[in-house]
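Have it open while you read, and check the points against your own view.

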Amino acid sequence: MRIGVITFPGSLDDVDAARAVRLAGAEPVSLWHGDHDLKDVDAVVLPGGFSYGDYLRAGAIAARSPLMADVVAAAHGGLPVLGICNGFQVLCEAGLLPGALTRNSHLHFRNRDQGLLVERADTAWTTSFTQGQRIVVPVKNGEGRYVAAPADLDRLEGEGRVVVRYVGGNPNGSSRDIAGVTSADGRVVGLMPHPEHAVESLTGPSTDGLGFFTSVLTALVAA
């Protein structure tokens, strides 16, 4: 399986994401934001960082890069897409996921190991988990507060589109402790925590993050 990892100007975690893809057993494929070529990959990861320096709004400029037009079209056709932190912000700005990410409610950058509750274990990126499982994955963000209109939050909850939720403390003031959401078809997932930093016991607080990357391989084989 070939998993594309997009690099935008200001991406920080593209190398880490590629390493996580490799550890999961897939071939990472480098994708450049300015191209119009997805290189026939089977899935795409948008990594964390500060694309375009987070000018305007975090992820707003990256969402309008040439390659994102191809990602949006492919996602509507069923391509699995995972957005991590800045990648989550890009997916919201591109309209692939609902809601928005704003400045943390306490206005401070937050960097810590974070407990998460898996709410959905049947998306393309979460089948390696079980519903209700608790995992630990790092967070590091200054604009990670997930917000949406109350009616939209009710709709997301009603449709079961909250993928992971913060437990043991909400690091950024996200509405209803939401840490990640999915598209209606479960193929596109965005989350603020960084699973690519929890794939090896030597460097991460756990290896829980690897499950996001192995899940998509299972989904692709089953498709």
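1. Ground rules. This is a predicted model, so local features need pLDDT of at least 70 and side-chain atom pairs count only at pLDDT 80 or more, while totals for chains, interfaces and linings use all residues. Residues are numbered from 1 along each chain as its sequence is written, and side-chain values use heavy atoms, with hydrogens and water left out.

2. Salt bridges overall. The structure holds 11 of them, a salt bridge being a side-chain nitrogen of Lys or Arg within 4 Å of a carboxyl oxygen of Asp or Glu. Asp152, Arg155, Glu159 and Arg161 are joined up in a salt-bridge network.

3. Glu27 and Arg2. These two form a salt bridge, with the closest N and O atoms 3.6 Å apart. Glu27 sits in strand 2 (residues 27–32) and Arg2 in strand 1 (residues 2–7), so the pair ties together parts 25 residues apart in sequence. Helices (H or I, at least four residues) and strands (E, at least two) are DSSP runs, numbered from the N terminus. Glu27 counts as partly exposed at 42% relative accessibility, and Arg2 counts as partly exposed at 28%. For these labels, buried means under 20% relative accessible area, exposed over 50%, and partly exposed in between (1.4 Å probe, protein chains only).

4. Lys140 and Asp13. Here the closest N and O atoms of the salt bridge are 3.1 Å apart. The pair links distant parts of the chain, 127 residues apart: Lys140 is in strand 7 (residues 134–141), and Asp13 is in the loop between strand 1 and helix 1 (14–24). Lys140 is partly exposed at 23% relative accessibility, whereas Asp13 is buried at 3%.

5. Glu119 and Arg165. Their closest N and O atoms are 2.7 Å apart, again in a salt bridge. Glu119 lies in the loop between strand 6 (110–118) and strand 7, and Arg165 in strand 9 (residues 162–167), so this pair ties together parts 46 residues apart in sequence. Glu119 is partly exposed at 23%, but Arg165 counts as buried at 15% relative accessibility.

6. The largest pocket. Its volume is about 180 Å³. On a 1 Å grid over the protein atoms alone, a pocket is an open set of points where a 1.4 Å probe fits, with protein on both sides within 12 Å along at least five of seven lines; lining residues have an atom within 4 Å of a point. The volume is the space filled by probe spheres set on the points, which are joined across faces, edges and corners. Which residues lie nearest the centre of the largest pocket? They are Gly49, Phe50, Phe109, Asn141 and Gly142, out of 16 lining residues. Helix 3 (86–93) and strand 7 are the elements that give two or more residues to the lining.

7. A nonpolar patch. Leu12, Phe50 and Phe109 form it on the surface, with about 300 Å² of accessible area together (Shrake-Rupley method, 1.4 Å probe). Patch residues have over 30% relative accessible area and no salt bridge; like charges are joined within 9 Å, and nonpolar side chains (Val, Leu, Ile, Met, Phe, Trp, Tyr) within 5 Å. Leu12 is found in the loop between strand 1 and helix 1, and is partly exposed at 48%.

8. Helix 3. It is mostly covered, with seven of its eight residues buried. Gly95, which follows helix 3, has a positive phi near 85°.
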